[in-house]
Amino acid sequence: MASSSTGSPCNNDEDGENIITQSTSSGPPPPPFEIPIKWPPQGALSIEWVESLAAVFDWSSRHVAPSELPSVLPVSVFDSLAMSASKILHREPNCLEIDVDSNCSVVVVGDVHGQLHDVLNLLQTAGPPSPSRLFVFNGDYVDRGAWGLETFLLLLAWKVLLPHRVFLLRGNHESKFCTAFYGFEQEVMAKYGDQGKHIYRKCLGCFEGLPLASIIAGCVYTAHGGLFRNTESPLSKRSKGKKGRRLVSCSDSKVLRLGSLGELARARRVVLDPPWEGLNLIPGDVLWSDPSTHPGLSPNKERGIGLLWGPDCTEEFLNKNHLKVRNALCMPFSYVRFEFANFSFLTAMLFYFN
């Protein structure tokens, strides 16, 4: 009589078919593609592979425990993707000069902070990268959100597939200090356990290679933070130097002046945590500086690193470098589309919660 109990999940089917059906329907749906993900032969990524990676990450973020991510993305596949992307990134200059065809649209994306589903929605809404659509991401791929690793890896995959249509700039969170404090290091350790330190170090290596800024179509300047100081000053009569110039630290210079694109090109960007003082201040300025309504340049005392620059500095920088627009990320809305110089720009800012 126990078999007819009202608490039984079956319907007295002798073969137990109903039990299997009920158990399956109450469990998670199967993955959209075969797992674990496999690295393609000879590392030849295809759009199908990248889209399958996105679909599997979407599925695993909803149905797989974080500690089970290695069963979805093995360490060997991670290593191959990170190495392929790092080689491309480290070859790129500090400031990218991005040429745009007249029939091409440009999507500039602000902070994504581990919001995988927002990134997937953006790629669906704006359309994926293609010969007629390029993306410029302005950094802050990790921290705060729960899927920083998956988000960053998906963008790296797009970069490897279409290196001249996807451009990844560095944000201030692509640093050892921020990722240790705001959650990305802990996320990686929770997902990969004993292999977490290895994964984290490889990600830091990719962060080192991310360019600092870009100039789109010869007229639009984009960077995560913004403008930067001059680190060179004319030599005094008693100083010596082959080219009549010397490097100065912030403490040496009483009057802050705007830096040049030439100085930006020469800056040493492969430093995980930009110095707060000394000779290599430009990366810190580019990543941490903020616009201000007050004219002039001044130290960014609230952050303790970088600068505050006024509207007059923006005008001076654009005029000196023959630019027309500086992309701004501090916007109270999610998408802005504008036409400029025969190009269509879509600026996207994804919302996140601290």
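Are Asp-285 and Arg-229 buried or exposed? Asp-285 is buried, and Arg-229 is buried as well, where buried means under 20% relative accessible area, exposed means over 50%, and partly exposed lies in between (1.4 Å probe, protein chains only). This is a predicted model, in which local features need pLDDT of at least 70 and side-chain atom pairs count only at pLDDT 80 or more, while totals for chains, interfaces and linings use all residues. Residues are numbered from 1 along each chain as its sequence is written, and side-chain values use heavy atoms, with hydrogens and water left out.

- Helices (H or I, at least four residues) and strands (E, at least two) are DSSP runs, numbered from the N terminus.
- Helix H3 has 17 residues and reaches 24 Å from its first C-alpha to its last, close to the 24 Å expected at 1.5 Å a residue, the expected span being 1.5 Å times one less than the number of residues.
- The buried residues of H3 are Val-75, Val-77, Phe-78, Leu-81, Ala-82, Ala-85, Ser-86, Ile-88 and Leu-89.
- These residues lie on the same side of H3 because they cover an arc of only 165° around the axis, an arc being that of the directions from the helix axis to the C-beta atoms.
- On the other side of H3, Lys-87 and Arg-91 are exposed.
- An α-helix has 3.6 residues a turn, so residues three or four places apart point the same way.
- The buried residues of H3 pack against helix H2 (47-63), H5, H7 and H8, and contact here means heavy atoms within 4.5 Å.
- Helix H8 (residues 196-209) has 14 residues, and its buried residues include Ile-199, Tyr-200, Leu-204 and Phe-207.
- Among the elements that cover the buried residues of H8 are helix H3 (75-91), helix H5 (148-161), helix H6 (176-182) and helix H7 (184-192).

**Cysteines**

- The count comes to 0 disulfides, a disulfide being a pair of cysteine sulfur atoms within 2.5 Å.
- Cys-206 is in no disulfide, since the nearest cysteine sulfur, that of Cys-203, is 6.4 Å away.
- Cys-206 is buried, with a relative accessible area of 2%, and Cys-219 is also buried, with a relative accessible area of 8%.

**Salt bridges**

- A search of the whole structure finds 8 salt bridges, each defined as a side-chain nitrogen of Lys or Arg within 4 Å of a carboxyl oxygen of Asp or Glu.
- Side chains of opposite charge can pair when their charged atoms come close.
- Glu-34 and Lys-38 meet in a salt bridge (3.6 Å, N to O), and both of these residues are exposed.
- Asp-101 forms a salt bridge with Arg-165, with the closest N and O atoms 3.7 Å apart.
- Asp-101 lies in the loop between strand S1 (95-98) and strand S2 (105-109), and Arg-165 in the loop between H5 and strand S4 (166-168), so the pair ties together parts that are 64 residues apart in sequence.
- Asp-101 counts as partly exposed at 43% relative accessibility, whereas Arg-165 counts as buried at 16%.
- Asp-285 forms a salt bridge with Arg-229, the closest N and O atoms being 2.7 Å apart.
- That pair links distant parts of the chain, with Asp-285 in helix H10 (residues 282-288) and Arg-229 in the loop between strand S6 (220-223) and strand S7 (232-234), 56 residues apart.
- Salt bridges that share partners join Glu-150, Glu-187 and Lys-191 into one network.
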